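Subject: Structure for your review

Dear colleague,

Please find the structure below, together with its sequence.

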Amino acid sequence: MHSTHLLLEEPIRMASILEPSKANFFPAMAKIVGTLGPRSRSVEVISSCLKAGLSVARFDFSWGDAEYHQETLENLRTAIRASKKLCAVMLDTVGPELQVINKSEKAITLKADANVILTPDQGQDATSEILPINFAGLAKAVKKGDTIFIGQYLFTGSETTSVWLEVNEVKDDDVVCVTKNSATLAGSLFTLHACQIRIDLPTLSDKDKQVISSWGVKNKIDFISLSYTRHAEDVREAREFLSKLGDISQTQIFAKIENVEGLTHFDEILKEADGIILSRGNLGIDLPPEKVFLFQKSAVYKCNMAGKPAVVTRVVDSMTDNLRPTRAEATDVANAVLDGCDAILLGAETLRGLYPIETISTVGKICAEAEKVFNQEQYFKRTVKFVGEPMTHLESIASSAVRAALKVKASVIICFTSSGRAARLIAKYRPTMPVLSVVIPRLRTNQLKWSFTGAFEARQSLIVRGLFPLLADPRHPAEPTNATNESVLKVALDHGKASGVIKSHDRVVVCQKVGDASVVKIIELED
């Protein structure tokens, strides 16, 4: 078990628990990914979500068409301009997702111990006796005694809107199952999950490719959430596909681990992917319940040591219908932060939930409280030990910048970067203070037109814990010898002052390149 105790060792004063939380410009160091949908697609609601702490907007293409999502995205852009809050865009692929098709959209009531047939004949109407599915190969993949879960928003084990089935027999292309619990399925589409069964379908479907090459390219998406990633080859194939699409060749791929097959090949997937999403909805039913936390802690640790973002899902399901999370959910969010995760992903909670703004705000407050007791000193030592010696040049500079900031109690670390890699390495060491990533645009050409890089790199920082991007004006050099009022360093310091992160007499650690050298310097601000 890699993960060690990452809670502060000093006893926490009980009186301090009752002290009100202070409002900050940055709600928390951990980031929040929110899924936009029916309850969260108006300009007003999205603006409020951004102010509450939303930093990445997720678009789930397992439902809704491109036109619907485009309208939502245009509203997001309007909200970004109005709120002056930067937000990245994540496209979530459908992948080899199995679905029950309910064309009539009438509610289907299933009773415990009754038989129900899963059939690939999509011409049939869905009833309590027969459920048409979108996959003809299920009968070949399952056997008697296997477990299948069906639900509108995945099975959790507590809701009455999802059902647990056990395979009784296979008849030609049909699968006859026994219902283990009573439930009512409502809506037009339900997800089907065959527990620990390999489904022989491509990870990147033809529909996914069409959506990425049209909607994705048009909107220059920042991240792709690659659903049902099972092998490193899945990531390589997706990257090769993106490389042919020009404008989104820089798009980062986050591998979504949703089943035991992905878990088994986790190490090789991590090497290929830009980040990992621990999809605890599907994974939580593919694994025995008592094993879920073990995978989470081990996977987050591996991501931390690799310096790649780890995103945890399915944390406050009850807030879909309630204004407050359960005590267990609140503790779960805090433990994810203490484990070292970079971001919390909200699905149904913001997609169709009654309280999307309050959910983002609540999760952000819990993250901020957990960060106060995160044992950064122990985490830093553990990371340095894992990296070992000799360190690479950039790793040495990043860890030194964090060490210096901690020693002088700096209020912020400012990092100048073009690719974003230096800033991400600093964030890897989890400094207790924010890292302002000042992205310096670069001029490039394809021999037909000139363009600046930088916007991608800035937005892609928005999923990294503790990293807050600022896109520099390409006309202003970042050299420390430049003493003009418009120097990039002054712009960054002014931004920090305006946001309340930097005050008079504060110390600031600056990490930048001067010529061919990388420099870490400490600045003490005057009045």
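Which residues in H2 meet H13, and which residues of H13 do they meet? On the H2 side they are Val45, Ser48, Cys49 and Ala52; on the H13 side they are Pro356, Ile357, Ile360 and Ser361. Please bear in mind that this is a predicted model.

Helix H2 covers residues 43–52 and helix H13 covers residues 356–372; their axes lie 9 Å apart and form an angle of about 5 degrees. Because an angle under 35 degrees counts as roughly parallel, H2 is roughly parallel to H13.

I turn next to the sheet. Eight strands form a closed barrel with parallel pairing, in the order S1-S2-S3-S13-S14-S15-S16-S17. On average, and with direction ignored, neighbouring strands of this sheet are turned by 25 degrees against each other.

- S2 (residues 54–60) and S3 (residues 88–92) run parallel and are joined by five bridges; Val56 stands opposite Ala88 in S3.
- S3 and S13 also run parallel, with three bridges between them; here Leu91 stands opposite Ile224 in S13.
- S13 and S14 pair in the parallel sense over four bridges, and Leu226 stands opposite Ala255 in S14.

Strand S13 (residues 223–226) is covered on both faces. Phe223 and Ser225 lie on one side, Ile224 and Leu226 lie on the other, and all are buried.

Helix H3 (residues 66–83) touches S2 and S3, and its direction makes about 170 degrees with that of S2. Helix H10 (residues 292–306) touches S14, S15 and S16, and its direction makes about 170 degrees with that of S15.

The buried residues of H11 include Glu329, Val333, Leu338 and Asp339. Among the elements covering the buried residues of H11 are H10, S16, S17 and H13. Just after H11, Gly340 takes a positive phi of about 115 degrees.

Yours sincerely

Note on methods:
Residues numbered from 1 in each chain as written. Predicted model: local features only at pLDDT ≥ 70, side-chain atom pairs only at ≥ 80, totals over all residues. Heavy atoms only, no water. Axes fitted to C-alpha atoms, helices over the stretch in contact; angles between N-to-C directions. Helix = DSSP H or I, 4+ residues; strand = E, 2+ residues; numbered from the N terminus. Parallel < 35°, antiparallel > 145°, perpendicular 65-115°, else oblique. Contact = heavy atoms within 4.5 Å. Pairing = 2+ DSSP bridges. Buried < 20%, exposed > 50% of the residue type's maximum accessible area, 1.4 Å probe, protein only.
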